[in-house]
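Let's take a walk through a protein model, from its surface to its inside. Have a look at the sequence and the structure first, then read on.

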Amino acid sequence: MHPLPRVAQQDGRYALLVDGAPYLMLGAQSNNSSDWPATLPQVWAAIEYLHANTLETPIYWEQFEPRPGQFDYSQVDLLLAQARQRDVHLVLLWFGTWKNGSQHYMPDWMKLDPKRYFHVLNKDGEYVDSPSPLCTASLEEDKKAFTALMNHLKEVDPERTVLMVQVENEAGTWGGTIRDHSPEANKLFHAPVPPEVLKAMRKKWAPATANWEAVFGPEAEVYFHAWAIAKYVGQVAAAGKAVYPLPMYVNAALHDPLTAEVPVTYESGGPTDNVIPIWKAEAPAIDIEAPDIYLPGTKQYLRTLEVYHRSDNPLFVPETMGSPLAARFFFSALGLQAIGYSPFGLDYTRTRRALPGQADAKNAFLDPTAQNYRLIAPMMREIAKLNFEGKLQATAEQDDESPQILHFGNWDAVVTYQFRRRPMENADQKHEPLGRALVAQLGANKFLVSGMDCVVDFRPAGTPEQQKGGGVVFGTGQEPSAKIDGNWVHRQFLRVELGQYVKGVFQFERILNGDQTDYGLRFTSEPEVLHVSLATY
Ligand code: DGJ
């Protein structure tokens with residue numbers, strides 16, 4: 001019997017333990033309607049092409065409980081069998097009461113009884129396309145169905161093929177209204193804020209009789225809706241966890257982390273960064289609040305990673321874009337000890353038109369993610385372990401190509417991105433920020449170094465005034481140096497080994513020297529891993 005997967009915490013860092021050791025989910029999420037016997041072959045083919053180790057795919061309530069109380073386990077069983085054949089793990093997405101804010105995945109016998117399984121009401125007393133979190137009839141049905149799913153997994157999955165379960169999908173309410181305006185909701189909205197919410201939102205000074213508007217002003221409605229939904233989802237999760245305690249998470253349709261967004265224009269009530277404490281307080285059975293990142297800007301993307309990487313919340317990116325420019329952010333997430341990463345919609349069920357100059361439209365959509373995973377998959381366990389131990393740092397190129405310094409005790413790793421603009425090559429080519437780098441300390445003077453579209457060099461540690469070199473050096477004759485105790489100390493490469501990880505062991509292939517190291521350690525889009533030993537003179 002394999003131990004249960006679990007989220008572990010050590011010295012402020014998190015890891016997902018699978019078979020008792022840190023594991024990095026190299027994930028891909030299928031399209032919404034791909035989890036059917038007819039389409040799974042197109043999903044698995046993509047997973048294999050990607051070198052992904054985990055498939056995220058939905059369990060549809062409408063398929064799972066076609067008649068009240070009758071559960072159909074056939075699709076779950078098929079998924080488990082096919083995943084095991086391919087040695088791939090699963091994250092199951094419970095498309096239950098909420099899917100992108102609506103109740104579209106409720107079984108038809110629920111959809112046909114909207115009086116009993118009612119929606120949210122807007123200010124004008126009209127129903128909107130979103131389930132009410134105050135509907136106890138829906139809550140009880142969801143708890144029953146989710147518990148049946150977890151119970152079944154407990155019985156049929158001693159291999160722990162399923163690593164985690166997502167409870168609902170992007171719960172919340174889009175447009176139309178920020179919260180439920182039913183008489184019951186209105187009563188609660190005008191009643192005192194529950195003490196656990198005051199505590200979570202650090203409003204302990206508020207009088208115990210103060211209502212939501214009095215305490216939270218313009219944000220009262222969104223906080224109230226988050227409270228109501230978190231309470232509901234928390235109960236669904238707790239019911240399932242009581243029978244089978246797999247790690248569980250919720251995913252958020254984001255709000256822009258760089259602006260307050262008041263009044264609310266985003267999906268209200270979900271685990272957006274501004275209400276994570278409310279979710280933590282009301283849904284303790286949920287281990288992780290996770291961002292679905294589709295924001296367009298580099299700054300917004302990086303800020304989102306930061307706000308979900310909290311001392312009480314491991315970073316996990318269950319959905320994001322698989323585009324060439326976004327692929328580099330996988331490394332930014334690794335730099336914040338992400339336990340997993342999973343671009344959305346990476347299967348072959350959607351036909352794609354080739355863009356001009358694209359030979360292979362079928363895989364163009366997968367290639368940026370495949371590049372990342374081809375590099376990391378052979379050393380996934382080592383990367384996860386080094387990260388959990390606090391020995392790994394990773395980063396991605398900013399829009400302005402600025403260099404980045406990663407500090408490691410006596411050494412600084414200097415990451416630069418300008419080498420693709422060498423004067424006589426590609427002079428008129430537009431520079432796109434694609435760079436990413438990863439450095440992990442293996443010993444006092446020994447590092448694992450990898451990346452793409454970047455140059456990594458090392459410099460003895462010191463303040464900027466006491467350092468020179470490291471960065472773009474085309475034949476400067478100057479190796480990166482630092483002034484230590486009044487003397488200039490220069491970095492030299494003792495040995496730079498190129499190799500690859502096979503079953504957890506670094507297999508040496510050749511030594512790099514001369515042009516391959518004199519200008520820093522240059523990485524292209526090839527999956528290359530170096531072991532670098534440094535010395536000084
Ligand atoms: C976020 C949702 O969680 C996914 O299920 C999917 O609908 C994407 N948005 C959009 O493609």
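Start on the outside: R202 is exposed, with a relative accessible area of 72%. Here buried means under 20% relative accessible area, exposed over 50%, and partly exposed in between, using a 1.4 Å probe and protein chains only. Before we go further, keep in mind that this is a predicted model, where local features need pLDDT of at least 70, side-chain atom pairs count only at pLDDT 80 or more, and totals for chains, interfaces and linings use all residues. Residues are numbered from 1 along each chain as its sequence is written, and side-chain values use heavy atoms, with hydrogens and water left out.

Most residues other than glycine have a negative phi. Helices (H or I, at least four residues) and strands (E, at least two) are DSSP runs, numbered from the N terminus.

**A buried strand residue**

A252 is found in strand β10 (residues 248–253). Is it buried or exposed? A252 is buried, with a relative accessible area of 1%. Leaving aside residues up to four places away in sequence, A252 touches E170, P271, T272, A290, P291, D292 and Y308; a contact means heavy atoms within 4.5 Å.

**The cores and helix α9**

A nonpolar core is a set of buried Ala, Val, Leu, Ile, Met, Phe, Trp, Tyr and Cys residues joined through side-chain atoms within 4.5 Å. The largest one has 136 residues, and L153, W212 and I376 touch the most other members. Which helix gives the most to this core? That's α9, with 13 residues. A second, separate core has 22 residues, including W411, F447, C454 and L530.

Helix α9 covers residues 220–243, so 24 residues, and reaches 35 Å from its first C-alpha to its last, close to the 34 Å expected at 1.5 Å a residue. That expected span is 1.5 Å times one less than the number of residues. Of the 24 residues in α9, 19 are buried, so the helix is mostly covered.

**Empty space**

Rolling a probe the size of a water molecule over the atoms shows where empty space is left. On a 1 Å grid over the protein atoms alone, a cavity is a set of points where a 1.4 Å probe fits but cannot get out, while a pocket is an open set with protein on both sides within 12 Å along at least five of seven lines; lining residues have an atom within 4 Å of a point.

The largest pocket has a volume of about 630 Å³. It is lined by 22 residues, of which Y23, N53, R86, D87 and V88 lie nearest its centre. Helix α1 gives the most to this lining, with 3 residues.

The largest cavity holds about 80 Å³ of space. Its lining includes Y14, L16, Y23 and F388.

Key. Points joined across faces, edges and corners; volume = space filled by probe spheres on them.
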